[in-house]
Amino acid sequence: METRRIEVPVMADLFAGGEKPEYLFWVGCAGAFDDRYKKVVRAFAKILSHLNVSYAVLGKEETCTGDPARRAGNEMLYQMQALQVIELFRMYDVKKIITICPHCFNVFKNEYPDLGGKYEVINYLQFLNTNIEEGKLKIDEASLNNVSITYHDPCYLGRANDIYDEPRNILKKLTGNLVEMHRIKSFALCCGAGGAQMFKEAEKGDKEVFIERTEDALKTDAKVIATACPFCMTMLTDGLKYKNKEQEIRNLDIAELIAQSIDL
Amino acid sequence: MTTQLIFAITLLVTLGAFAYTISRIVSFFKFTRPAFPIKDIGKRINVMITVAFGQTKIFRRPVIGMFHAFVFWGFCIIIFGSIEMVIDGLTGTVRVLKFLGPVYNIIMASGDIFALLVAISIVIFLSRRLFFHIKRFEGIEMKKITHIDANIALSIILLLMISLLAMNTGYIEYKSITGEPTVGLFPVSSVIAGFITHGQAESFRLMYEASWWTHILLIFLFANILPYSKHFHVFLSIPNVFLSRLDPLGKLPNMDNVSREVKLMLDPNTAFAAATSDLPPERFGVKDAEDASWKNYFDSLACTQCGRCTSVCPANITGKKLSPRKVMMDLRARMKEKGPLMIKNGRDFNDNRSLLRDYISEEELWACTTCNACAKECPININHPTLIVDMRRYLVMEEASAPGEIKALFNNIENNGAPWQYSAEDRMLWAKDLEMKTHHV
């Protein structure tokens, strides 16, 4: 099959050529460095190219938003990172930001305004859902063979920002077999990675949170666990390995499911 | 006249004692820090109507929530009768609000019906606490005294409802025997009265009088127990909901004192300038009760210890020490301990104890995932995560204390601009050799 090479546009290059893209696609540290999550970002970049979206990434200029530092109590480090990022956005005259990571989304949307950084911040699920609703992104409903999918709500999309419907709308387009866990939407259980837990061992307890949540997902008998956050993905994929289920059940991001369904 | 005098004195004692307690609690607020300005009154009224009066968050657990809603709505109605009783008691009138006519009938009838519904709900609540093992009522923070506190409050409410129904029943019986017209409608008490076939007018009058006094004295007593009890929420939950943080749950409050420092650091013109203020710099984050905001303290006073927060906390569910309910209870207890000392010796008084460590351990604080399940669940919009993060802020910024991996995280962000030890040079590796099928074109 014929393939086409995609050159991901970088902000500095576009600016040098006098171009200004409509969106900044914020890749995030997990997207840049986590081998599993790189695949998610690649899938989303393909979708962006497929839709001919005018966008660019910051590339080597991107840095941490400061979110994990902030939630771990290091407000000083957070604000230094944030001011750097805000300055970078000012340089490139950034107005609209698309994020995949819900933590980056939350910090841009809710917390940067306090430091003077005000943007239109769009989570990729909102972006994808809008494109599907508007008919620009056409999903072949039969493509995934009606596979059973369950969806894990990331805390920073769900409770933190009330994004519950977009992922479900998309998944219902992808399969007729969306099966819900018993704790969903605002009742959803955290994967255990939030609040900088991702970067440390959990405190002593009698169970790991990610195992508790993986069990929720396994109870649905779904063949795919759909996630929408890099940390949730790490946690639930670990959970599947712990339960020796990684052969039968796959943990995929919604962007990957879409890319797969339209065969990009 | 004598009874009026007795009533007036009782009321005065009640109000006096209540005012004393409240003034002490209010005086503790002056030690707390600012939180947010009370703006958006329209939005706040809306939240109050839905969350407090509509009981929307209580209904996140529909069955037991329904019984709580009965109690809450019952209180809202029955309070009109209580106000009437106070006026009657002071002025010697009988059912002074009867001039409201049909409205009065509705108030009395619904109060009478709700008295029964509240009583039934309270019996269910008491049985749950006494005879069933409900996990949410257990935990390290749930001492024997907290259970006694709950049971006393529930028992008083039950007695309040029994005395109210007895009062109404006595009233109906007395009136029907003497043939005098009744004022107000009492559907439930009428049914109860229907079961009573014997008795003289005088004994029913006595029943009415005794129940009247029992009911009002219990209210006076209850009002003065409440500020010392977890049931303070009877007074504080509606104001607490009105004073809710209106920001999205995901937003942490900005530390403006840090912003000032960071801007000074980043601005070459001011980087070496002398400090502009002679005031000692305010402590970063929360170490002790007085570092918490007035809203944190209000939350802690309004907390009913229902434990819905803890029952949804991922850390607690999986056996970690953290319990969001405990964080609130600890703040209240610590202020109760330190508040009087600060009143006596000033805000800077040091009793060599603090909320951090003597009440809340670092292990609890570091177990939080900031998932906001606790805050989402709280029926009266208490926000626990902001306080937990504020305590982390103290640990990190004042004591440089954090788990080793968290310190490594800070180093990585500082040196590499990422939480992991990767170079910014590698940030585009994900996009290498990216290809897409062209069959769409």
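Tutor: Start with chain B. The C-alpha centres of domain 1 and domain 2 of chain B are 41 Å apart. Domain 1 of chain B covers 2-30 + 61-231, and domain 2 of chain B covers 256-426. These bounds come from an automatic or database domain assignment.

A word on reading this. The model is predicted, so local features need pLDDT of at least 70 and side-chain atom pairs count only at pLDDT 80 or more, while totals for chains, interfaces and linings use all residues. Residues are numbered from 1 along each chain as its sequence is written, and chains are lettered from A and ligands numbered from 1 in the order in which they are written.

Now the contact between the domains of chain B. Twelve residues of domain 1 of chain B are in contact with 16 residues of domain 2 of chain B. Contact means that the C-beta atoms of two residues, placed from the backbone, lie within 7 Å. On the domain 1 side, helix α1 (residues 2-29) of chain B gives the largest share, four residues. Helices (H or I, at least four residues) and strands (E, at least two) are DSSP runs, numbered from the N terminus. By class, that side of domain 1 of chain B holds five nonpolar, three polar and four charged residues. Nonpolar means Ala, Val, Leu, Ile, Met, Phe, Trp, Tyr, Cys and Pro; charged means Asp, Glu, Lys and Arg; the others, Gly among them, are polar.

Stay in chain B for a helix pair. Helix α2 (residues 41-53) and helix α8 (residues 233-242) of chain B pack with axes 7 Å apart, at an angle of about 135 degrees. Axes are lines fitted to C-alpha atoms, for helices over the stretch in contact, and angles run from 0 to 180 degrees between N-to-C directions. So α2(B) is oblique to α8(B). Under 35 degrees is roughly parallel, over 145 roughly antiparallel, 65 to 115 roughly perpendicular, and the rest oblique. α2(B) brings B:Arg44, B:Val47, B:Met48, B:Val51 and B:Ala52, and α8(B) brings B:Ser237, B:Ile238, B:Val241 and B:Phe242. This contact has seven nonpolar, one polar and one charged residues.

Next, chain A. Its domain 1 is 11-128 and its domain 2 is 140-261. Their C-alpha centres lie 23 Å apart. Here 26 residues of domain 1 of chain A are in contact with 23 residues of domain 2 of chain A. On the domain 1 side, α3(A) gives the most, with eight residues. That side divides into 14 nonpolar, six polar and six charged residues.

Last, the strands of chain A. Three of them form an open sheet, in the order β6-β7-β8, with parallel pairing. β6 (149-151) and β8 (250-253) of chain A are at the edges with a single partner strand each, so one side of each has no neighbour in the sheet. The twist averages 30 degrees from one strand to the next. Two strands pair if DSSP finds at least two bridges between them. Strand β7 (residues 224-227) of chain A has four bridges to β8(A). There, A:Ile225 stands opposite A:Asn251.

Strand β2 (residues 23-26) of chain A also pairs in parallel. Two bridges join β2(A) to strand β3 (residues 55-56) of chain A, and four join β2(A) to strand β4 (residues 96-99) of chain A.
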